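Colleague: I would like a close look at one residue and its surroundings. Please give the cut-offs as you go.

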Amino acid sequence: MNKTLFIAGPAHGYRFAGVVILSLALIVLDVRFDRISFLRQSLSYLISPVQSLVSLPGEVMTWSTETFSERNELLETNRRARSQILILQQKVQQLSVLEAENERLRRLLDATARLESEVMTAELISVDPDPFTIQVIVNRGAQDGVYLGQAVVDAYGLFGVVVQVDSLTSRVALVADVNFAVPVYVNRNGIRSVVTGTGNLDLLEMEYMTNTADVQIGDLLVTSGLGGLFPEGYPVAEVVSVEHDPGTAFANIKVKPLAHLGQSRSLLMVFQKEPDDE
């Protein structure tokens, strides 16, 4: 290294004065005559890569910070959105359940209008697991006045009959139970018959109908009230098939229960009116 650079002397003063004069000259040329713009642009081309290289670490740091910050915000927003979606889905399911429950209660309320007898609501609480019977347990028992042989209906038709009464609960045999039988008549022409269970929730049989009996597919069967066990005029089933076998005296008639045996949970216990004293 040249040691003369660190030696104070008159040469430095001249150099400084020369630099000042040169700077002033360049400033005047730039301001008044705009003659050094080309030189400035050329120098900027040379300096720009250096400036970009110097500012690169800071820009990378800023970009990384913003990127990770935005990523964390997006992850948090996504987590909150998923939680809100789950909450909303649960509320929608609850609303659907309430809507279905309201619809069932409304239909049950409509069913009470068809009954002249006193009724009491009941809820199905369990299903008898015995494979040889079709019975359910309801939350009404002897303390509520339930008695053996009491008719049970849902919003659509005859549901079953009480076959066992405990203190707080009762056992109900459904119309599809093989031991179940109910007197009915054809609503169209008044022909009387008996509907029996088959062990199939979706299919019953109409008994003791001759081959010449006027029974048609689509006929509505309602309770006749004979025997006083079931309320009169309540829908039981609809005829779905009529087969005539020349080798037998009776027709083979299949009917479909109107009660929703596999779905209904809200039921009505029907209290038969005492016969009027003469």
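Which residues does V255 touch, not counting residues up to four places away in sequence?

Modeller: This is a predicted model, in which local features need pLDDT of at least 70 and side-chain atom pairs count only at pLDDT 80 or more, while totals for chains, interfaces and linings use all residues. Residues are numbered from 1 along each chain as its sequence is written, and side-chain values use heavy atoms, with hydrogens and water left out.

Leaving out residues up to four places away in sequence, V255 touches V195, D202, L203, L204, E205, M206, L221, A237, E238, V239 and V240; contact means heavy atoms within 4.5 Å. V255 also belongs to the largest nonpolar core, which has 47 residues, and is listed with L158, F159 and M206 as having the most contacts inside this core. Such a core is a set of buried Ala, Val, Leu, Ile, Met, Phe, Trp, Tyr and Cys residues joined through side-chain atoms within 4.5 Å. Buried means under 20% relative accessible area, exposed over 50%, and partly exposed in between (1.4 Å probe, protein chains only).

Strand 12 supplies the largest share of the core, five residues. Strands are DSSP runs of E, at least two residues long, numbered from the N terminus. Strand 12 (residues 266-271) runs antiparallel to strand 3 (residues 151-153), and three bridges join them; M269 is the bridge partner of V152. Two strands pair if DSSP finds at least two bridges between them.

Definitions and conventions: Helix = DSSP H or I, 4+ residues; strand = E, 2+ residues; numbered from the N terminus.
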